[in-house]
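Okay, everyone, thanks for making time for this one. Let me put the structure up, and then I'll walk you through some parts of it.

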Amino acid sequence: MHQLLEHLAYACLLGGNPVQTLNPDSWWFKRWEEEYGLSMRKANRKYQVPRAVLKERLELFLVSLFSIRLFISLVFGYDPLILNWDQSPFHHNETGAQDKPILGVRGSIVPVVEGNSDTRSRWTANLMTQSRFTAVADSRGNVRMPPAECMFKAEPGGSVDTRLQTYLRSRGFPQWFTVTVGPKGSYREYDIIEFLDKHLEPWVEGRQWRILLADDYSAHKSENVWALCWSRGYIILIHGGGVTPVAQTPDTDLNEHVRRNYGNKESRLLIEKMRCGQTVPKATHEECMSLIVSMC
């Protein structure tokens, strides 16, 4: 508002017109909001599509899923393992990015001066759920957790990518956990194919068919992704657009708990860094990786 008033005063002076200004205090903003029917609100979860459309898309998806399960049960005599994967955004200061309140002296101002960029510096956690945890052993009898991967914003093959891959190998992280980088820190079709190529179990004689679920994202629906899944014995099904908040298990049963536990661990880490003299601490790439693995 102050910037707008400065531009208005500048334009009035150039045009030789009298300057009319105001004092944009809290009471002025409150009256302005009431006049135009506005209010300061925080984002909350809501339906992304009308409920009738949501019902129709859920019905189509569930009928397709149950039909495939019934076919496999009648022909092969077993209920296939179902996996569901999704990407979730995180930040190098995740607790700050969640708009949490901060403890301060009553009536004082809490300015955002330093470290605010860390709450906007995004990276992505790619997590997966399974329908049965008694079937996590692969064809060789090795026990496997559901796959997880961290993607950070960097150029593939660059110095950051090399450093993170070296850290991954040197710390002896489990095979089900990987790390990758991307120009924007978010997954494209190429990154999806690489993730699935790393973590989908090979199709060998005696292994059962599996069903792989994903949300309605263009990179999940390409022919290349479908062909890779089919070659590994995975039948991929796509949730309808707008139904993932109520139907996709990573959203309904996983990401919320991972984010809460991650925030608790990150808070302890940042406080410890401040005790060691770091004024504006943030979690490094390597620390973000370690925190994700420590929760599994």
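This is a predicted model: local features need pLDDT of at least 70, side-chain atom pairs count only at pLDDT 80 or more; totals for chains, interfaces and linings use all residues.

**A walk through the model**

Let's start with Asp-253, which is found in helix 9. Helices here are DSSP runs of H or I with at least four residues, strands are runs of E with at least two, and both are numbered from the N terminus. Residues are numbered from 1 along each chain as its sequence is written, and side-chain values use heavy atoms, with hydrogens and water left out.

Back to Asp-253: its relative accessibility is 53%, so it counts as exposed. For the cut-offs, buried is under 20% relative accessible area, exposed is over 50%, and partly exposed is in between, with a 1.4 Å probe and protein chains only.

Now the overall picture. The protein chain has 10 helices and six strands, and buried residues account for 38% of its 296 residues. Take contacts, meaning heavy atoms within 4.5 Å: among those between residues at least 6 apart in sequence, 75% join residues at least 24 apart.

Ala-214 sits in strand 5, residues 210–214. Is Ala-214 buried or exposed? It's buried, at a relative accessible area of 0%. Leaving out neighbours within four places in sequence, its contacts include Asn-84, Trp-85, His-220 and Ile-238. For Ile-238, 24 residues away along the chain, the C-alpha separation from Ala-214 is 5.1 Å.

Next, helix 10, residues 285–294. Seven of its 10 residues are buried, so helix 10 is largely enclosed by the rest of the structure. Those buried residues are His-285, Glu-286, Cys-288, Met-289, Leu-291, Ile-292 and Val-293. What do they pack against? Strands 2, 3 and 4, plus helix 5 and helix 9.

On to a helix pair. The axes of helix 6 (residues 189–199) and helix 7 (residues 223–231) come within 10 Å and cross at roughly 5 degrees. That makes helix 6 roughly parallel to helix 7. From helix 6, the contact uses Glu-189, Ile-192, Ile-193, Leu-196 and Asp-197, and from helix 7 it's Asn-224, Val-225, Leu-228 and Cys-229. The axes are lines fitted to C-alpha atoms, for helices over the stretch in contact, with angles from 0 to 180 degrees between N-to-C directions; under 35 degrees is roughly parallel, over 145 roughly antiparallel, 65 to 115 roughly perpendicular, and the rest oblique.

Last, the aromatics. Rings of Phe, Tyr and Trp (its six-membered ring) pair if their centres lie within 6.5 Å, and planes under 30 degrees apart are stacked, over 60 edge-to-face, the rest tilted. By that rule there are 15 aromatic pairs. Trp-32 and Tyr-36 make a tilted one, 6.0 Å centre to centre with 50 degrees between the planes. They're four residues apart in helix 2 (residues 26–36), so about one helical turn separates them. Trp-32 is partly exposed at 34% relative accessibility, while Tyr-36 is exposed at 54%. Phe-173 and Phe-177 pair edge-to-face, at 5.6 Å and 90 degrees, and both are buried. Finally, ring pairs link Trp-28, Phe-29, Trp-32 and Tyr-36 into a cluster.
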